[in-house]
Amino acid sequence: MAFLLIYFNYTLISKILERGGSVMIEKFKPFIDKERRLVIQLFEFIESHRKPSHTLNEIADFLDISIYKANIVSKNAVVIAQQYPEITLAFENDCLFTDDINNAVVTKIINKQAYNSLPFQIFLHTFLNIYHMSDSEFQQSVGISAATYFRLKKNLNNAIGLEKIRSLKKSEIFMRYYIHTVLVYFSYFDFSPDSLTQHADFIKMKQTANYAMLVWHINPSRSQQKNFQYFCLVNLLRAKNNSPLLKSDLSYLVTLTSQNELLLFMNHMHKKWHLLKEDAEIATRYYITFLITTYSLPNKHLDFIQENTINQVITQQQIQHVAFLLEKQGTNIDISDLKNKLAIVNARILSPFFKTDLFHYAKKQGPNLVPMNNSQADNLISEFTDMVAHTSASPFNTVEISEINKIYGLVVLPKLLMRHTDLQVHIVIDFTSGRILNDYISDIFNTLGDLHITIDKNVTDNTEIYLTDTLNSTLSIHQIVWKSKPSENEWRAFYNLIFSLRQNKIMNSNANINPLQ
């Protein structure tokens, strides 16, 4: 049963992410040459679909290339897969057969392809220059001429976007955040040589990251821990390259209160890194701003920031609105978790960094949102967005409004859409033994957790499954007939039917529930 629920959630999330746009590498394609990028896209496609085989036509359609090109990319993928003994990949009869290709393997492949890609190496040299090389020394190390280097560098800047490049050069904060995001995607430090990761300063910076998580009572997942450590390491490297934070950057950072946990960390930065107290405070503000931006700061520590007073007012208004809506519908749902999530996302939206988060940067154009065909959810998200927009010191542009709608969609939809009564699967249990057996099976469902089902006493127009021990030829709905104690396979078939009906109901009734569109 637990497996079914997990599988259902996983499948729905996969659908949302799949429909939300192209695979992740699309965001980072400036750093990977085209041939390697196609291979990465193919492995991401294989990992996300988890099928034992894929036809050449499926691959060509997904990669938007010709059958001829798909053939070449598939064969290249097989050659690359041979470097990883833990996976199996074979190409036969215009079909790619796969096994054991999971996210960990794809991450290794992405990293390896990035290391061998000249655009990524030029990006590292230009923006981070870890090894303190001059341009001529770098050109010699990778074996290219000066003309080739400047041509590739120009192509890279064009691919990233000249407007974004200009903005990055104006703000050290944005520069560090952008570099961090790229390096996390490519898991750069995870596979870096020991000469880099075992350097004393690197070890000390990881200790600082761990100290921050300890003193601020952050219990991170592996992913969050990696994210924060990368952020700290990028700060270190940029500082060592004499690229300090600018005074103009300070307006993008949250302001802090005088909590003891913050003072302890400032003192750590002052003593451990020999920073002036003023600089230690700026660094702490940047760390807290980053944690808020990535939803990593616990709700209980939002009082670290002075802006939290406004946040609390907005969150309370929003949660009162939800409570009134649910009470009006007669729906009994615990909304304490929703309140915590709203506080966390509001902290990000109201933080000064949100309005100029360049990795979500786009030209000021109309939001690319698809209606969710659920007026209740649409209206609530719109009202939440209006509330927070009226609180902001400066108006949000259409791109930022679009991003806010997506954020609220992720928080609101599980409460108002996934549990909406219209999306319940209606079941009638009708065994010849009568109420005792019927109630027994109903009670079993109730103890198994929320299957999003409603058990009705009589068949109505809403009934979708009729569970019985006697086939009724007059009913045109799904009938599950158990003439004796159901086997494990029969239970599984029943669960799968619930899952299928539930999924179709979501996809059909709300064909565009995806807040990531």
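Modeller: Let us begin with accessibility, where buried means under 20% relative accessible area, exposed over 50% and partly exposed in between (1.4 Å probe, protein chains only). Glu35 has a relative accessible area of 37%, so this residue is partly exposed. The model is predicted: local features need pLDDT of at least 70 and side-chain atom pairs pLDDT 80 or more, while totals for chains, interfaces and linings use all residues. Residues are numbered from 1 along each chain as its sequence is written, and side-chain values use heavy atoms, without hydrogens or water.

Biologist: With which side chain does Glu35 meet in a salt bridge?

Modeller: Side chains of opposite charge can pair when their charged atoms come close. Here a salt bridge requires a side-chain nitrogen of Lys or Arg within 4 Å of a carboxyl oxygen of Asp or Glu. Glu35 pairs with Lys69, at 2.9 Å from N to O. Glu35 belongs to helix 2 (residues 34-49) and Lys69 to helix 4, so the contact ties together parts 34 residues apart in sequence. Helices (H or I, at least four residues) and strands (E, at least two) are DSSP runs numbered from the N terminus.

Biologist: How many salt bridges does the structure hold?

Modeller: There are 9. Another of them joins Glu86 and Lys108, at 3.4 Å from N to O. Glu86 is in the loop between helix 4 and strand 2, and Lys108 is in helix 5 (residues 103-115), so parts 22 residues apart in sequence are tied together. Glu86 is partly exposed at 35% relative accessibility, as is Lys108 at 34%.

Biologist: Are Glu172 and Arg176 buried or exposed?

Modeller: Glu172 is buried at 7% relative accessibility, and Arg176 is buried at 6%. Their side chains form a salt bridge of 2.9 Å, N to O. Both lie in helix 10 (residues 172-185), 4 residues apart, about one turn of the helix. Arg238 joins Glu172 and Arg176 in a network of salt bridges.

Biologist: How many aromatic pairs does the structure hold?

Modeller: The structure holds 35. In Tyr188 and Phe189, the ring centres are 5.4 Å apart and the planes stand at 65°, so this pair is edge-to-face. Rings of Phe, Tyr and Trp (its six-membered ring) pair if their centres lie within 6.5 Å; planes under 30 degrees apart are stacked, over 60 edge-to-face and the rest tilted. Tyr188 is buried, with a relative accessible area of 4%, and Phe189 is buried at 7%.
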